[in-house]
Amino acid sequence: MKLLAFETATEACSVAVYVDGEVRERFEIAPRRHAELALPWAEQLLADAGIARSQLDAIALSRGPGAFTGVRLAIAVAQGIALALDRPLVPVSTLAVLAAQVPPPRVTAGEGGCDVGIAHPILAAIDARMGEVYTGTFVHRGDRLEATSGEAVIAPVDYALAGDDGDWIGVGTGFAAGDGVLAARLQSRFARIDAQALPHAADLARLAASAFARGETLAPEHVEPAYLRNNVALTLEEQKALRALRA
């Protein structure tokens, strides 16, 4: 299986090539340079892997939520390549890509056979600006990463974890948003939090390879972005209200 993957939904830009389980990636925190970097990186990675575009089975993309411009770029680039090659697209949630940084439970061999470690629930959160965060919860089930809630955009002060499960793992810039409100409120429920984590195309490629094997692909013209909200900037009144809350 051969995939090309684009992750441009946040301030980080990354591209990866997946070839039969081996992944090559370029990654850089490069605000406003995604359009400049994505295609040249893709060409270089394909060349390094010794793969021609025509050998690709599918194109993977991070469909959001995230920065509007970045989400649109990934879709446009992936659609262009897929249409030219007559290949399907594999869209993956940006929050799932972020959550994939948390490794699955380790399998250890003992006298009584194999034991599987605890699958901690994962909260992925991305700074959505405008006083909000994008959130989604996930858990590893075997070799799959499964969503356990719908994607949402919400003010950190209003977010609440469902259930009483302890030892969550938090990942993403949403935990640092608004002076770390989300991390401060939920810290007692978490085994660890990585508030600096950004999504990587390498993780996107691995998730997409599994999705492709399950037949979870779309024709290029049917892919839709996950924006979660329609407005891209606060009104003056909303800005005043937000400043008042932070005062």
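The largest nonpolar core has 33 residues, and Val-92 and Phe-138 touch the most other members. A nonpolar core here is a set of buried Ala, Val, Leu, Ile, Met, Phe, Trp, Tyr and Cys residues joined through side-chain atoms within 4.5 Å. Buried means under 20% relative accessible area, exposed over 50%, and partly exposed in between (1.4 Å probe, protein chains only). Helix H5 (residues 201-213) supplies the largest share of this core, 7 residues. Apart from it lies another core, of 29 residues, including Val-15, Val-17, Trp-41 and Leu-85.

Keep in mind that this is a predicted model: local features need pLDDT of at least 70, side-chain atom pairs count only at pLDDT 80 or more, and totals for chains, interfaces and linings use all residues. Residues are numbered from 1 along each chain as its sequence is written, and side-chain values use heavy atoms, with hydrogens and water left out.

Back to Val-92: leaving aside neighbours within four places in sequence, Val-92 is in contact (heavy atoms within 4.5 Å) with Leu-61, Ser-62, Arg-63, Val-97, Leu-204, Leu-207 and Ala-208.

Now the sheet. Two strands pair if DSSP finds at least two bridges between them. E1 and E2 (residues 12-19) run antiparallel over 6 bridges, and Ala-5 stands opposite Ala-16 in E2.

Two helices lie across this sheet. Among the buried residues of H2 are Phe-68, Val-71, Ile-75 and Leu-85, and their cover includes E1 (2-7), helix H1 (34-49), E4, E5 (89-92) and E9.

Most residues other than glycine have a negative phi, and most peptide bonds are trans. The peptide bond from Gly-64 to Pro-65 is cis, with omega near 5°, and Pro-65 sits in the loop between E4 (58-62) and H2 (68-85).

| Residue | Phi |
|---|---|
| Asp-86 | near 60° |
| Arg-129 | about 60° |
| Met-130 | about 55° |

Asp-86 follows H2, whereas Met-130 is in the loop between E8 and E9. Met-130 counts as buried because its relative accessibility is 16%.

Definitions and conventions: Helix = DSSP H or I, 4+ residues; strand = E, 2+ residues; numbered from the N terminus.
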